[in-house]
Protein chains: 2
Amino acid sequence: MPLQRFQEEADLLSFKAGQPIFILGQPGDTMYVVVEGEVELSLNGKPIDTILAGGIFGELALIDDSPRIATATAKTACKLAAVNQQQFIFLVRNTPHFAIQVMKTMAERLRRETMLRYK
Amino acid sequence: MPLQRFQEEADLLSFKAGQPIFILGQPGDTMYVVVEGEVELSLNGKPIDTILAGGIFGELALIDDSPRIATATAKTACKLAAVNQQQFIFLVRNTPHFAIQVMKTMAERLRRETMLRYK
């Protein structure tokens, strides 16, 4: 499982099924790693993606300092590790595997969005 | 200008205006940095993006080992630095700024594609 190191973090955030994690348009400077459970990303009520344990979301607002482009909701009860900008830079500097993992996730999403839009 | 270190590379690739750099569906394991000139990305004949000097393209196929999802054509005469997977991993490990720069580019594209698709 990718990003498994976060499973050991003591201070995980817990969300109940249906609870919002962040909302479209909010400022955001935090990325999340799903440690347990599932998170749904949606835009204008349309589901975009389901993030499973080991997956990340919220990286866009953290990387380019701009508002959330989707709403994230706990699809099941879930536990998340939050990564702020300072921690993110630290992780990229010290664990290149983390940077590659984030890029792989973004590549997969970008590939999917681009192909859906132009197909 | 981002990624300016590539301006000093001796072995740049030169393309004439209109010359293809890669084609949709081709296998690809190389990312490019535009050092001089402009590159157009298109899909099924529709322009997606123009990459200016300092910008990167082709990072998706390199990151997730899959076929090109767009066609890249020299929009003007241009000079490119090619980055293969081995060089990419090296750059991520040794220059975290490079990793952040690639992520910012991907974030910008992902934000644009997602917003266009769901607006």
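Trainee: In the hairpin of β4(B) and β5(B), which residue takes a positive phi?
Mentor: Asn44(B) does, with a phi near 50°. Two residues lie between the strands of this hairpin. Strands here are DSSP runs of E, at least two residues long, and helices are runs of H or I of at least four, both numbered from the N terminus. This is a predicted model, in which local features need pLDDT of at least 70 and side-chain atom pairs count only at pLDDT 80 or more, while totals for chains, interfaces and linings use all residues. Residues are numbered from 1 along each chain as its sequence is written, chains are lettered from A and ligands numbered from 1 in the order in which they are written, and side-chain values use heavy atoms, without hydrogens and water.

Trainee: How many bridges join β4(B) to β5(B)?
Mentor: Strands of a sheet pair through backbone hydrogen bonds, either parallel or antiparallel. Two strands count as paired if DSSP finds at least two bridges between them. Between β4(B) and β5(B) there are five, and the strands run antiparallel. One point to look at is Val39(B), whose bridge partner in β5(B) is Ile51(B). Four bridges link β4 (residues 39-43) of chain B to β7 (residues 71-74) of chain B, also antiparallel. There, Leu41(B) sits opposite Ala72(B) of β7(B).

Trainee: What is the order of the strands in the open sheet of chain B?
Mentor: The order is β2-β7-β4-β5, four strands with antiparallel pairing. β2 (20-22) and β5 (46-51) of chain B have a single partner strand each, so they stand at the edges, with one side left without a neighbour in the sheet. Neighbouring strands are turned by 30° against each other on average, direction ignored; the axes behind such angles are lines fitted to C-alpha atoms, for helices over the stretch in contact, and angles run from 0 to 180 degrees between N-to-C directions.

Trainee: Is Ser42(B) buried or exposed?
Mentor: Ser42(B), in strand β4 of chain B, is buried, at a relative accessible area of 12%. The cut-offs are under 20% for buried and over 50% for exposed, with partly exposed in between (1.4 Å probe, protein chains only). Apart from neighbours within four places in sequence, Ser42(B) is in contact with Pro47(B), Ile48(B), Ala70(B) and Thr71(B), contact being heavy atoms within 4.5 Å.

Trainee: Which residues of helix α2 of chain B are buried?
Mentor: In α2 (residues 85-94), they are Phe88(B), Leu91(B) and Val92(B). Viewed down the axis of α2(B), the buried residues fall within an arc of 100°, so they line one face of the helix; the arc is that of the directions from the helix axis to the C-beta atoms. Gln86(B), Phe90(B) and Arg93(B), on the other side of α2(B), are exposed. At the start of α2(B), a side-chain oxygen of Asn84(B) comes to within 3.2 Å of the backbone nitrogen of Gln86(B).

Trainee: By what turn can chain A be laid on chain B?
Mentor: A turn of 180°, with a shift of 0.0 Å along the axis, gives an RMSD of 0.0 Å. The two copies are thus related as by a two-fold rotation axis. The C-alpha of Leu110(A) is the nearest to the axis in chain A, at 2.6 Å. Superposition is by least squares on the C-alpha atoms of residues with pLDDT of at least 70 in both copies.

Trainee: What percentage of the interface residues of chain A are also interface residues in chain B?
Mentor: The value is 100%, so the copies meet through the same surface.

Key
A polar contact is a pair of N or O atoms within 3.5 Å; within protein, one must be able to donate a hydrogen and the other to accept it, and residues adjacent in sequence count only if both atoms are side-chain atoms.
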